[in-house]
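Subject: Structure for your review

Dear colleague,

Please find below the sequence and structure that I am handing over to you. My findings follow directly after it.

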Amino acid sequence: MPDRTHRQPATAAESLRYALAWQVDAGADEAIGERPVDRLAVAAEPAASRQEPAPAQPQRAAGPAYRPAPAAAPMRLESTGETVAAARESARSADTLDALHAAVAAFDGCALKKTAMNTVFADGAPEGGLMLIGEAPGAEEDRQGKPFVGASGQLLDKMLAAIDLGRANDAYITNIVFWRPPGNREPSVAETAVCRPFLERHIELKKPEILVFLGGPSAKTLLGRKEGITRLRGRWFDYRTPDMIETGADPIPAMPLFHPAYLLRSPLNKREAWRDLLAIREKLDALDRERPS
Ligand code: URA
């Protein structure tokens, strides 16, 4: 890491290291274009030529002509109708969690996949009663191909352990999108929409006794609510996928919970989270008691 004290950079190389560190701090921590962008060449272009797709550019000795990086921007909603239909068809054809994992890994309709290192499908116990759904993989999850393995995952494991649950036997974890958004931005509406048929099939195949939505984006996406997590957390909702509604399947009890990353930033809210965790434990115990032996 460069020494970022307030003195002026002594050399051009040091100045570049400062600029790079600043970009990483601001969240631009992935090289997501296929080629480096020569911003000076872009500035020198006549404005009109940039509106054309891949305009012929005068070649500069220093590097290739500028091409817009295809995956840098969030997917646009209008581009998703057919892709969502393809995702739904692919998801419906999966009859097991392994088949669904393979279908997600083979799906090329979500732009996030282009910039991610790995598909992050799920972790934990497929037979467990609890299914937790977070927002999106972060950098560590992208590297390892598993959800919640970074700092917030460590806190999540401690939260589960506090009510005597763990990934080995009881808890199964996934996210609303399967690829890391560049710079850890929130997944766009379009990215969430194309992943959603897989997520819904994931819930149908997993058949959890209880669902927990970690954080506002997960809760709002799956419950179709507009309130923030502070209003939604700690309440029980009946969750059904569209196919479950169509077939008259029983709803799954679902509770939104503060996201562990938020609790790391706002530890005072751990008190509410603890109350919610106890309610989840109680519900699991009650369902256990109701189950015919
Ligand atoms: N945050 C999430 O929402 N999901 C992960 O997998 C990791 C961090």
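Throughout this message, contact means heavy atoms within 4.5 Å. In that sense, asparagine 169 touches Ala125 and Gly128, not counting residues up to four places away in sequence.

Two remarks on the source are needed before the remaining findings. This is a predicted model, in which local features need pLDDT of at least 70 and side-chain atom pairs count only at pLDDT 80 or more, while totals for chains, interfaces and linings use all residues. Residues are numbered from 1 along each chain as its sequence is written, and side-chain values use heavy atoms, with hydrogens and water left out.

Overall composition

The protein has 13 helices and six strands; helices (H or I, at least four residues) and strands (E, at least two) are DSSP runs, numbered from the N terminus. Of the 293 residues in the protein, 43% are buried. Here buried means under 20% relative accessible area, exposed over 50%, and partly exposed in between, with a 1.4 Å probe and protein chains only. The protein exposes about 16200 Å², of which carbon and sulfur atoms supply 52%; accessible areas come from the Shrake-Rupley method with a 1.4 Å probe, and for residues only the protein chains shown count as cover. Among contacts between residues at least 6 apart in sequence, 71% join residues at least 24 apart.

The nonpolar core

A nonpolar core is a set of buried Ala, Val, Leu, Ile, Met, Phe, Trp, Tyr and Cys residues joined through side-chain atoms within 4.5 Å. The largest one has 61 residues, and those with the most contacts inside it are Leu130, Leu132, Ile133, Trp179, Phe198, Leu211 and Phe213. Helix α8 gives the most to this core, with six residues. Leaving aside neighbours within four places in sequence, tryptophan 179 is in contact with Val104, Phe107, Cys110, Leu112, Lys113, Ala116, Asn118, Thr119, Pro137 and Cys195.

The packing of α4 and α8

Two packed helices are described by the angle between their axes and the distance between the axes. For α4 (residues 97-106) and α8 (residues 189-206), the axes come within 10 Å and cross at roughly 170°. Axes are lines fitted to C-alpha atoms, for helices over the stretch in contact, and angles run from 0 to 180 degrees between N-to-C directions. The helices α4 and α8 are therefore roughly antiparallel to each other, a label given to angles over 145 degrees, whereas those under 35 count as roughly parallel, 65 to 115 as roughly perpendicular and the rest as oblique. From α4, the contact is made by Leu97, Leu100, Ala103 and Val104, and from α8 by Phe198, Arg201, His202, Leu205 and Lys206. These residues divide into six nonpolar, one polar and two charged; Ala, Val, Leu, Ile, Met, Phe, Trp, Tyr, Cys and Pro count as nonpolar, Asp, Glu, Lys and Arg as charged, and the others, Gly among them, as polar.

Positive phi values

Most residues other than glycine have a negative phi, and most peptide bonds are trans. Phenylalanine 148, although not a glycine, has a positive phi of about 50°. It is found in the loop between α6 (139-144) and α7 (151-162) and is buried, with a relative accessible area of 5%. Lysine 207 likewise has a positive phi of about 50° without being a glycine. Its place is in the loop between α8 and β4 (210-214), where lysine 207 counts as exposed at 63% relative accessibility. The C-alpha atoms of lysine 207 and glycine 128, 79 residues apart along the chain, are separated by 9.4 Å.

Further individual residues

Asparagine 169 lies in the loop between α7 and β3 (171-175) and is exposed, with a relative accessible area of 59%. Its C-alpha atom is separated by 7.5 Å from that of glutamate 127, 42 residues apart along the chain.

Glycine 215 is in the loop between β4 and α9 (216-223) and is buried, at a relative accessible area of 5%. Beyond its neighbours within four places in sequence, glycine 215 is in contact with Ile229, Leu257, Phe258 and His259.

Serine 152, in helix α7, counts as buried at 14% relative accessibility. With neighbours within four places in sequence left aside, serine 152 is in contact with His259, Pro260, Ala261 and Leu264.

Yours sincerely
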